[in-house]
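Open the model in your viewer and keep the selection panel at hand.

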Amino acid sequence: MSPSAPSHDLSTTKKNLSRTSFRPLQGHRALVTGASSGIGEQYARQLAALGSDLVLAARRVDRLEKLALELEKTHGIRAVAVATDLGRPGEGARLAKAVCLPDQPVTLLVNNAGIGPYAPFLETDVEKHLSTIQLNVTALTELTHHVATHMRSHGRPSYISNVASIAAYQATPNFAVYGGTKHYVRLFSEVIRNELQNTNISVSCLCPGGTYTEFLEKAGQQLKASGHAAMMPAAEVARQGILGMLRNRAVVVPGLLNKIACFLPRLVPTGFGIAVAGIAMRRSVSQVKAQP
Ligand SMILES: NC(=O)c1ccc[n+]([C@@H]2O[C@H](COP(=O)([O-])OP(=O)(O)OC[C@H]3O[C@@H](n4cnc5c(N)ncnc54)[C@H](OP(=O)(O)O)[C@@H]3O)[C@@H](O)[C@H]2O)c1
């Protein structure tokens with residue numbers, strides 16, 4: 001880490017993450033996208049427990065408002081809910097403008113909102129592919145540009161955590177577009193991390209594998225019995241993402257099986273890796289009708 005980069009004393013963070021008196025993020029304000037469920041909700045819960053104020057963003061604002069109230073009460077922080085549809089062009093800029101305020105600076109950005117329709121490329125409407133790219137890539141890029149510009153101008157120690165996937169390492173049949181978007185998120189994160197290394201902003205990328213959230217049913221996946229082997233709870237995935245972000249790790253891959261899954265593709269030709277990943281996927285999940 002450079003001398004000017006964020007410098008929390010995190011030597012005891014791991015064992016203290018669950019202690020209520022440990023509040024290293026007091027004075028911070030975090031914008032978490034996709035905070036209405038799954039990994040994003042867990043980021044919000046754990047950042048609040050560490051003392052950070054919150055801006056919770058997603059479409060289901062009723063859920064966000066309920067969560068904001070609960071976290072304010074439990075942790076004595078300030079939390080606001082913002083309804084936003086990041087699937088709409090320009091919404092990343094609008095969201096950043098609404099929440100990046102000179103007297104309430106954003107110092108943490110969690111770009112977590114994402115979708116991943118699971119089906120052969122030609123069996124999915126092109127509109128669905130394009131909205132996946134809009135949410136996973138365009139909105140994330142737009143939000144990062146606006147929020148990081150704001151962070152650089154206020155100069156306080158700041159962190160960005162971008163949520164990719166192990167699909168950022170292993171291309172997989174039925175996930176052509178999703179895998180492409182997550183490769184983008186990882187490479188984008190690693191490059192801007194390099195460009196921002198001598199500034200007040202550190203950038204980390206979380207690459208989860210299968211995680212118990214609403215993602216699977218929305219993607220159109222149903223777990224088979226063997227599919228549970230590598231699944232992780234969302235709370236643990238978010239915990240590792242936060243630790244990695246605060247410790248300035250470039251990439252965080254939670255879980256040993258996921259680490260192996262990210263390493264193996266480097267050893268084999270891409271086409272062979274895709275074929276093997278397809279077999280492994282078919283053993284773990286069935287393709288079903290996606291839930292809205
Ligand atoms: N679960 C997994 O197995 C897995 C594995 C690897 C990576 N990931 C990644 O983890 C991230 C979080 O997913 P999750 O597993 O926690 O799934 P999830 O429970 O379905 O959460 C997705 C979040 O994204 C929000 N979202 C979706 N479309 C949006 C839109 N148009 N505008 C604003 N927000 C939107 C949803 O909120 P609203 O519906 O309220 O808008 C929700 O809060 C995603 O980027 C996903 O790719 C998940």
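This is a predicted model.

**Stop 1: helix 6**

Select residues 176-195, which form helix 6. How far apart are its end C-alpha atoms? They are 29 Å apart, and this agrees with the 28 Å that 20 residues should span at 1.5 Å a residue. Now colour the buried positions of helix 6: Val 177, Tyr 178, Gly 179, Thr 181, Lys 182, Val 185, Arg 186, Phe 188, Ser 189 and Ile 192.

**Stop 2: helix 5 against helix 6**

Angles under 35 degrees count as roughly parallel, so helix 5 is roughly parallel to helix 6.

Show side chains at the contact. From helix 5, pick His 129, Thr 132, Ile 133, Asn 136, Val 137, Leu 140, Thr 141 and Thr 144. They meet Val 177, Tyr 178, Thr 181, Lys 182, Tyr 184, Val 185, Phe 188 and Ile 192 of helix 6. Sorted by class, the residues in this contact are nine nonpolar, six polar and one charged.

**Stop 3: Thr 144**

Stay in helix 5 and centre on Thr 144. Is Thr 144 buried or exposed? Its relative accessibility is 2%, so Thr 144 counts as buried. The side chain of Thr 144 reaches the backbone oxygen of Leu 140 at 2.6 Å. Setting aside neighbours within four places in sequence, select the contacts of Thr 144: Leu 109, Asn 111, Thr 149, Ile 160, Asn 162, Phe 188 and Ile 192. For a distance check, pick the C-alpha atoms of Thr 144 and Ala 44: these residues are 100 residues apart along the chain, and the atoms are separated by 18 Å.

**Stop 4: Asn 112**

Move to the loop between strand 4 (108-111) and helix 5, and select Asn 112. With a relative accessible area of 11%, Asn 112 is buried. Which backbone oxygen does the side chain of Asn 112 reach? The oxygen belongs to Gly 34, and the distance is 3.1 Å. Finish by displaying what Asn 112 is in contact with beyond four places in sequence: Thr 33, Gly 34, Ile 39, Gly 40 and Val 163.

Note on methods: Residues are numbered from 1 along each chain as its sequence is written. This is a predicted model: local features need pLDDT of at least 70, side-chain atom pairs count only at pLDDT 80 or more; totals for chains, interfaces and linings use all residues. Side-chain values use heavy atoms; hydrogens and water are left out. Axes are lines fitted to C-alpha atoms, for helices over the stretch in contact, and angles run from 0 to 180 degrees between N-to-C directions. Helices (H or I, at least four residues) and strands (E, at least two) are DSSP runs, numbered from the N terminus. Angles under 35 degrees count as roughly parallel, over 145 as roughly antiparallel, 65 to 115 as roughly perpendicular and the rest as oblique. Contact means heavy atoms within 4.5 Å. Ala, Val, Leu, Ile, Met, Phe, Trp, Tyr, Cys and Pro count as nonpolar, Asp, Glu, Lys and Arg as charged, and the others, Gly among them, as polar. The expected span of a helix is 1.5 Å times one less than its number of residues. Buried means under 20% relative accessible area, exposed over 50%, partly exposed in between (1.4 Å probe, protein chains only). A polar contact is a pair of N or O atoms within 3.5 Å; within protein, one must be able to donate a hydrogen and the other to accept it, and residues adjacent in sequence count only if both atoms are side-chain atoms.
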